[in-house]
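Subject: Handover of a structure

Hello,

I am passing this structure on to you. Please look through it first; my notes follow below.

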Amino acid sequence: MQCALGRVVIRPTLPHRAHVQARMQSLHRFVPKSPGIQMGDVHALASVIRDAEKLLVLTGAGISTESGIPDYRSEGVGLYATSMSRPIQYSEFLKNLERRRRYWARNYIGWPRFSSRRPGPGHRFLAELERRGTVHWLVTQNVDRLHHKAGSTHVSELHGCTHDVICLQCKTLSPRSELQVRMAAVNPGFMESVRDNPALAPEVVEEDDEKKVAPDGDVQVESDIWKGFQIPSCEQCGGMLKPNVVFFGDVVQRPLVESIYQRVSESDAMLVVGSSLEVFSSYRFAMAAHEHAIPITLLNIGRTRADQLASLHVHARCGEAVERLSELLFDDFDVHDDVHDVPPPHPS
């Protein structure tokens with residue numbers, strides 16, 4: 001990677017900075033408090049990136065909270081800290097029609113907002129590192145496809161993606177956007193009934209109120225308004241449709257796990273961004289890197305499960321860190337510039 005060291009840095013204009021700061025403040029309600037970043041840590045992290053030739057990046061929900069998508073575990077702001085609601089279990093989705101109906105109705109309400117989320121500074125920074133040849137592969141635990149929207153292409157979605165829908169019978173993949181149209185057709189007037197419900201409208205429908213948004217894209221509707229919601233079936237075989245994500249209680253497919261292990265073994269450094277690595281499905285790759293003597297660097301607010309494996313842990317908000325890193329590493333890139341953002345791809 002060609003890194004600029006002694007040079008003039010192109011910085012955004014003051015009006016642009018003011019616009020960015022206003023937008024980021026509105027989205028930071030899901031970002032936990034963090035200590036101010038230490039420039040010594042920034043320089044150490046920049047050195048890791050400069051030295052890496054095949055960097056394996058593992059990202060978690062912390063990189064997307066600055067895009068207005070909440071996480072589960074963040075202190076004070078995550079779903080587990082702010083709500084008694086819990087994500088649906090895989091077995092519930094399969095066996096309980098009413099739970100499945102409730103899930104899809106809530107997801108139908110939340111989809112327009114969730115699917116319109118834009119990449120944040122962290123997504124754009126990592127996409128730029130890929131374009132410059134540093135990132136060998138990126139593994140994300142997130143289901144929001146924001147890395148693709150930022151322009152990353154070398155990506156494994158460990159837990160799948162909400163932008164895809166899969167038929168559990170014939171395994172056909174289709175875009176979630178198409179299912180939204182089909183659900184609207186078989187549930188005429190449903191969204192209007194939500195908007196007209198005074199108990200729901202202020203917290204569920206209004207674009208400027210995010211209190212009821214959930215990490216997986218639905219909204220937390222405690223009303224029974226979802227009863228009677230009609231769920232379309234697979235157009236190919238009539239089978240049950242499910243978001244192409246790994247629900248709680250489900251497992252990641254073994255071929256995907258093996259392919260990620262292979263990417264880890266090919267790498268010369270690992271960078272974990274915005275993840276506590278609490279779930280084993282992601283922590284195992286940090287363990288594999290450690291077993292291969294691959295140095296691990298953490299960029300995360302608060303402790304992680306891999307603290308004892310890491311050679312460097314930067315406790316900072318992702319956006320703040322990558323702003324400083326960009327100033328050290330690049331002379332022609334702004335993490336707030338969306339010039340490289342692309343629409344998410346359709347499933348293959």
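Two strands pair if DSSP finds at least two bridges between them. Helices (H or I, at least four residues) and strands (E, at least two) are DSSP runs, numbered from the N terminus.

Some ground rules. This is a predicted model, so local features need pLDDT of at least 70, side-chain atom pairs count only at pLDDT 80 or more, and totals for chains, interfaces and linings use all residues. Residues are numbered from 1 along each chain as its sequence is written, and side-chain values use heavy atoms, with hydrogens and water left out.

The sheet

Three strands make an open sheet, in the order β5-β4-β6, with antiparallel pairing. β5 and β6 are the edge strands, and each pairs on one side only. From one strand to the next, the twist averages 45°. Antiparallel β4 and β5 are joined by three bridges. V165 has its bridge partner in β5: S174.

Helix α8

α8 lies across β4, β5 and β6, and runs at about 70° to β5. Axes are lines fitted to C-alpha atoms, for helices over the stretch in contact, and angles run from 0 to 180 degrees between N-to-C directions. Contact means heavy atoms within 4.5 Å.

The helix covers residues 176–186, and R176, L179, Q180 and M183 are buried in it. Seen down the axis of α8, these buried residues fall within an arc of 110°, so they line one face of the helix. The arc is that of the directions from the helix axis to the C-beta atoms. Buried means under 20% relative accessible area, exposed over 50%, and partly exposed in between (1.4 Å probe, protein chains only).

What do the buried residues of α8 pack against? They pack against α5 (97–115), β4 (160–167), β5 (173–175) and β6 (241–245). The face turned away from the buried side carries the exposed residues V181 and A185.

A buried histidine

H147 lies in helix α7 (residues 146–150). H147 is buried, with a relative accessible area of 2%. Leaving out residues up to four places away in sequence, H147 touches T59, I63, H123, L126, L138, T140, S152 and V155.

Confidence

pLDDT is the predictor's confidence in each residue, from 0 to 100. The protein chain has a mean pLDDT of 84, and 76% of its residues reach 70 or more. Over residues 1–20 pLDDT stays under 50, and the model has 31 contacts for them beyond four places in sequence. Residues 205–211 also have pLDDT below 50, with 17 contacts in the model beyond near neighbours in sequence.

Best wishes
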